[in-house]
Amino acid sequence: MADGALGEGKFSQRGRQRFIELSAETLRNGLLPKNSVSQLFKDQPKTKVVGVRFWPLVVARRLSHGAASGDGLPELVAPVVTEALVDFQGTISPQRNTIARDLLTPLPSDEFTIGAVEALDSFLTAEPLQPGDRLDWATYLAHCRKMVDAVAKGWPAGDQHYVPAGFGLLEPAEDASATVRNILDLYDKILADRPKAPLLNKIVSPVERLVTDTKVETALARRLGHSNPHFPLAEQQRQVLAWLDAAVPGDVIAVNGPPGTGKTTLLLSAVAGLWVRAALNGGEPPVIVATSSNNQAVTNIIDAFGKDFGKGDGPLAGRWLPGIDSFGIFLPANSRRQEAAEKYQTEDFQTRMETVDGFLAAKDAWLTSARAAFPDSQGDVAEYVSAIQGAIAYQVAKLEEADRSLEQQSIAMGKAQALGGDPAAAEARAQTSVSERGLVVESMQRHRAAFDRQQAQESSLLALFSFIPAIERKRVLRARVTLGGLSGLDGLQRISEIDQHLAQTVLKAETEYASAKGALSGIRKLMTEISAAQSARKQALISLDGGDGLEDRLEDRIDLCHRFELFRLATHYWEGRWLMAMEADLAGIVASAAKRGRSTLVPRWHRRMMLTPCAVSTFASLPSKLSYSRRDGGEMGQ
């Protein structure tokens, strides 16, 4: 992107039509004629300066017998590319100077070049163009010549294919060039300061992370805000918001979809959710920026922030602070601030809000609305802010309780799956098993009792002479007759063996019976657990949205009612926090309206996010909005 936006250096004769041609006189003195100035400013009449890109040194392909050679060389070559500002008087003020990237090696293929990137980098490192009030046109032209000589000494002198064309080329600068300038400045800062940058680390050294937590997408409390009471999000949009909430610093969430699939709608609810989460936590508001290299995308976003957030009904409806018409603040290029302020909320809007009169009017209006919404509360702004945060916490607790109820229900139903998925059928089978095991126990106990009676009635002489085999056989025979058809007696030759067998058989029957009763008790306990979990789930859902506790379209209902109400509460919470921040240092804030030091800019951005949760800007304009002035007068981005 950086290479591409440094400007082309090869053109065709037909391609000249897109440019404003610079005459030899303009190239000598740096002043545009009035007609060229009018052409540059015709679409921007209210701006004071216009950004341009121009090529002061153009050479043309030498003709042979009135025609160009067909050897594939470019018809026009313009190595020097300059970014500059032009004012109403036509004065060209160079800001940045370089050689077109498509004229320097290495290139993807064997194309026409005049030098190497390495040579250009070495020159610009030692002698970059120093823009400022003292830069005169002659100094600029000298820098151009030295830069060309650094990569191709004396060029185009000695090149038999090209001759000076006698004119230059100029066009309005595109945002891409400013974007790249900021990218390169950012690289320089990162290399110099080595700041902690989780996002950059993830991009440079990506680590594949296997997604295993299936609960992320189902947790209701992962998504706390919604932008309107009319249209719920689709399932795929909710998935994105859930992973956004679960993201850690440096994570990148890519959302892909063609036009019309709801990406902007998703963005609104993402911002709403982040605003609610921050209000719940009670710290500073998040600094959220929506940005793009595409001007139309930026316009679509800021338009959506103005018209697509719902106002709702009742005492929480709309904004409690007068004059706020959007949930986004537009940060245009400085040259377009006046034009943008006529349609959007810009930095000028915040400046108007942060005056003594603006604060007093806002406080009076906010307190009037707060008293109507919270009649049981009394006191100053801080009291109502605390009440609003309490209301947010109460509503979020309902979502968390609904999540807990679902988890408990899922755990109980998971246990039920081990029973075949039908607890009632499992209970019936267990009851049958208990009955059957009980009958076995009763039968064995009867056998045991019969055997004990038979032994008690036996002659003591038989027992005394049981060491005689014949007598012992007789005793065993009588015991078998007493026990009837009891299995397992075959092979037992002594009364003691029969007694031991009976004891083991009774114990086994009783153990199996106890196990069957335990299984039945466990199943019934589980059924009670499932019933309690289902009841708790239903009660949680009833408490959540006041409905009948049904799961059908639950997410839709929560989006349109619960999450939208949370967003409205968060809106008024942050409005109140803005009033508190203003009241804490009203005189200082008003006095520092024009200052751009770090101690001023950081709190200003936090206050800005209290009024409008998202800033919208292009990549080209954004860095200057996030920069603060150092004492030495330089700029240092945050």
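Helices here are DSSP runs of H or I with at least four residues, strands are DSSP runs of E with at least two, and both are numbered from the N terminus. Angles run from 0 to 180 degrees between N-to-C directions, and axes are lines fitted to C-alpha atoms, for helices over the stretch in contact.

Keep in mind that this is a predicted model: local features need pLDDT of at least 70, side-chain atom pairs count only at pLDDT 80 or more, and totals for chains, interfaces and linings use all residues. Residues are numbered from 1 along each chain as its sequence is written, and side-chain values use heavy atoms, with hydrogens and water left out.

**The sheet**

β13 pairs with β14 (residues 614-618) in the parallel sense over three bridges, and Gly 328 has Cys 614 in β14 as its bridge partner. Contact means heavy atoms within 4.5 Å.

**Two helix pairs**

Two packed helices are described by the angle between their axes and the distance between the axes. Here are two pairs:

| Helices | Axes come within | Crossing angle |
|---|---|---|
| α14 (residues 423-457) and α17 (residues 495-545) | 8 Å | roughly 155° |
| α18 (residues 554-584) and α20 | 7 Å | roughly 145° |

The α14 and α17 crossing is left-handed, meaning the near helix is turned anticlockwise from the far one by less than a right angle. Their contact residues divide into 21 nonpolar, seven polar and eight charged. Ala, Val, Leu, Ile, Met, Phe, Trp, Tyr, Cys and Pro count as nonpolar, Asp, Glu, Lys and Arg as charged, and the others, Gly among them, as polar.

Back to α20: α18 passes it in a left-handed crossing. On the α18 side, the contact residues include Trp 574 and Trp 578, and α20 brings Arg 607, Met 610 and Leu 611. This contact of α18 with α20 has six nonpolar, no polar and three charged residues.

Conventions
Pairing = 2+ DSSP bridges.
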